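This briefing summarises the fold, confidence, packing and surface of one protein chain. Please consult the sequence and coordinates shown below alongside the text.

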Amino acid sequence: MAGVERAFKNFEGARELLAQVRDIAPVSLAPLIAYNRALIEYETQNYPAVVELLEPYRNSFKRAEPALLLEDAKKRATP
C-alpha cells in the first residue's frame with residue numbers, strides 16, 4: 001500500500017504506512033523498509049534522510065538499486 005501512496009504522490013500517507021509496518025515487521029525486513037522510506041525521501045529531495053536511512057544497511061542489500069540510490073543521495077546531499 002505504501003507503494004501505491006507513493007505512486008500517487010501521497011508521501012505523508014506512505015510514510016505513515018511504512019512507520020506502522022516498521023513497528024510490527026520482523027527485523028529481517030528492516031533494510032527493505034528503510035529502502036522504501038528512502039525512495040520517498042529521495043522523491044521529496046530530502047537527500048540527507050536517504051543517506052541516514054540507507055547507510056546502516058549498505059552491505060545488507062542483494063540488489064544494486066539501494067546502493068546506487070545511497071551513492072546518488074550522498075552526492076546530492078553534499079553542497
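**Structural briefing**

The chain comprises five helices and zero strands. Its elements, read from the N terminus, follow the order α-α-α-α-α. The coordinates belong to a predicted model, with an average pLDDT of 91 over the chain.

**Confidence**
- A pLDDT of at least 70 is reached by 96% of the residues.
- Confidence is lowest in helix 1 (residues 2–7), with a mean of 71, and highest in helix 4, with a mean of 97.
- Where pLDDT is low, predicted coordinates should not be read in detail.

**Overall dimensions**
- The radius of gyration of the chain is 12 Å, which agrees with the value near 12 Å for a compact globule because the chain has 79 residues.
- Along the principal axes, the C-alpha atoms occupy a box of roughly 30 × 25 × 20 Å.

**Packing**
- Of the 79 residues in the chain, 30% count as buried.
- Helix 4 (residues 47–54) is mostly covered, with six of its eight residues buried.
- The buried residues of helix 4 are Tyr-47, Ala-49, Val-50, Val-51, Leu-53 and Leu-54.
- Their cover includes helix 3 (30–43) and helix 5 (65–77).
- Among contacts between residues at least 6 apart in sequence, 40% join residues at least 24 apart.

**Surface and charge**
- The accessible surface of the chain is about 5400 Å², and carbon and sulfur atoms account for 57% of this area.
- The chain carries 11 positive and 11 negative charges, and the mean positions of the two sets lie 6 Å apart.

Conventions
Residues numbered from 1 in each chain as written. Predicted model: local features only at pLDDT ≥ 70, side-chain atom pairs only at ≥ 80, totals over all residues. Heavy atoms only, no water. Buried < 20%, exposed > 50% of the residue type's maximum accessible area, 1.4 Å probe, protein only. Helix = DSSP H or I, 4+ residues; strand = E, 2+ residues; numbered from the N terminus. Contact = heavy atoms within 4.5 Å. pLDDT = per-residue confidence, 0-100. Rg over C-alpha atoms; globule rule 2.2 N^0.38 Å. Areas by Shrake-Rupley, 256 points an atom, 1.4 Å probe, with all protein chains shown as cover. Lys, Arg positive; Asp, Glu negative; His and termini not counted. Charge placed at Lys NZ, Arg CZ, Asp CG, Glu CD.
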